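Here's a quick tour of a protein with a ligand in place. Have the model open while you read.

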Amino acid sequence: MFRYLLLAAAGSDRLGRLAASAPLGPKVAGRFVAGDDVDAALPIGRALVDDGLVLTFDHLAAETRSVEQAVAVRDEYRALLGRLKGAGLTPAAEISVKLSALGQRLDEKMAHEHAQAICVAAAEAGTTVTLDAEDHTLTDSTLEILFALRKDHPGTGAVLQAYLRRTESDCRELAAAGSRVRLCKGAYAEPESVAFQSPLDIDKSFVRCLNVLMSGAGYPMVATHDPRLIAIAEDRARWFDRAAEEYEFQLLYGVRVEEQARLAAGGNVVRVYLPYGTDWYGYVLRRLAERPGTAGGLRRALLGR
Ligand code: FDA
């Protein structure tokens, strides 16, 4: 129940403004977010790459409600890609993009065009783009745009959420040669009609999806902090005879840092999801929803009670 309250609060602009202005809000956010802007995020990214990790940068943006906002997000990503190239961080760093931030809910065609422009900038910078997965009302549209983008930019990554009942079937469709697919549990509050609800059912779905991706011809990107699922992924990689460069692990910045180092030391490709930006509230609250044990502390830090 508390998880659902936190996920609902994650979508509130008003609470977001309150948290950002609270004295300890930015300090708490700093655990999961690499600063307010690219200048702050680049040195953090550089240090992670020097430690043997690879990256996916995410610009945290408020929900896009106007065409102007969507254009600003597109331009932010293009500028980011130029900075990553200039800093010598490509191809180690790629970027993750939310189509909703590019105006997908306002005008799908516009969001597609902005994503296309970002893919062109990524190619010029020598790297790739992954389209984040959002709530289930956007899944069909996101996959349609993904398939269209892949015609010119086949390296564009997909994200599939194991909690959705449809995902095992989507994995079958996406487990094709050259197809980069991030598999995660899923971070939104979804209804039972479309999503498994119990942790056990979600984990079982994750393993079924993992089997499809690891046995297929694509490039699986295993995005979880769950020790059991990481161990199963390592096992499946051995079982399906995948070399270390034929799949990767992905973990979030600031979460299970020792595990990131352990996996990298074991010869695995480990990509850290590195968000930056001032609109960190929803992102941080989703992380909190995954760790209910820290909820009390964060609530006191953000709201002062
Ligand atoms: P789960 O939440 O069950 O946690 C398993 C264990 O990991 C916990 O018991 C704890 O030990 C540890 N852990 C988890 N969270 C922690 C935290 N905040 N701090 C410390 N320890 C923690 N979702 C989505 O809907 N769309 C997307 O595009 C993405 N993209 C994405 C990229 C990457 C790289 C990752 C890692 C995750 C995502 N997600 C996502 C989020 C994902 O769907 C999911 O919500 C979180 O990863 C949490 O699920 P876990 O698999 O980590 O397991």
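Which element gives the most to the shell around the ligand? That's S7, with three residues. Before going further, some ground rules: this is a predicted model, where local features need pLDDT of at least 70 and side-chain atom pairs count only at pLDDT 80 or more, while totals for chains, interfaces and linings use all residues. Residues are numbered from 1 along each chain as its sequence is written, and side-chain values use heavy atoms, with hydrogens and water left out.

**The ligand site**

The ligand is surrounded by 25 residues, counted when a heavy atom lies within 4 Å of it. The closest are Lys185, Gly186, Thr224, His225 and Glu290. At least two shell residues come from each of strand S4 (158-161), strand S5 (180-184), strand S7 (248-252) and helix H12 (281-290); helices (H or I, at least four residues) and strands (E, at least two) are DSSP runs, numbered from the N terminus. By class, the shell has eleven nonpolar, five polar and nine charged residues. Here Ala, Val, Leu, Ile, Met, Phe, Trp, Tyr, Cys and Pro count as nonpolar, Asp, Glu, Lys and Arg as charged, and the others, Gly among them, as polar.

Here are some polar contacts, meaning pairs of N or O atoms within 3.5 Å:

| Protein side | Ligand atom | Distance |
|---|---|---|
| Ala133, polar backbone atom | nitrogen | 2.8 Å |
| Arg182, polar side-chain atom | nitrogen | 3.0 Å |
| Lys185, polar side-chain atom | oxygen | 2.7 Å |

The protein covers 85% of the 930 Å² of accessible area that the ligand has on its own, by the Shrake-Rupley method with a 1.4 Å probe.

**A helix pair**

Now for H5 (residues 67-86) and H6 (residues 108-125): they pack at an angle of about 10°, with their axes 9 Å apart. Axes are lines fitted to C-alpha atoms over the stretch in contact, and angles run from 0 to 180 degrees between N-to-C directions. So H5 is roughly parallel to H6, a label for angles under 35 degrees. Where heavy atoms come within 4.5 Å (that's contact), H5 brings residues including Val67, Arg74 and Tyr77, and H6 brings residues including Met110, His114 and Glu124. Sorted by class, this contact has eleven nonpolar, one polar and four charged residues.

Thr90 and Pro91 are joined by a cis peptide bond, with omega about 5°. Pro91 sits in the loop between H5 and strand S2 (93-97). Asp241 isn't a glycine, yet it has a positive phi of about 60°. You'll find Asp241 in the loop between helix H10 (227-239) and S7.

How values were computed
Angles under 35 degrees count as roughly parallel, over 145 as roughly antiparallel, 65 to 115 as roughly perpendicular and the rest as oblique. A polar contact is a pair of N or O atoms within 3.5 Å; within protein, one must be able to donate a hydrogen and the other to accept it, and residues adjacent in sequence count only if both atoms are side-chain atoms.
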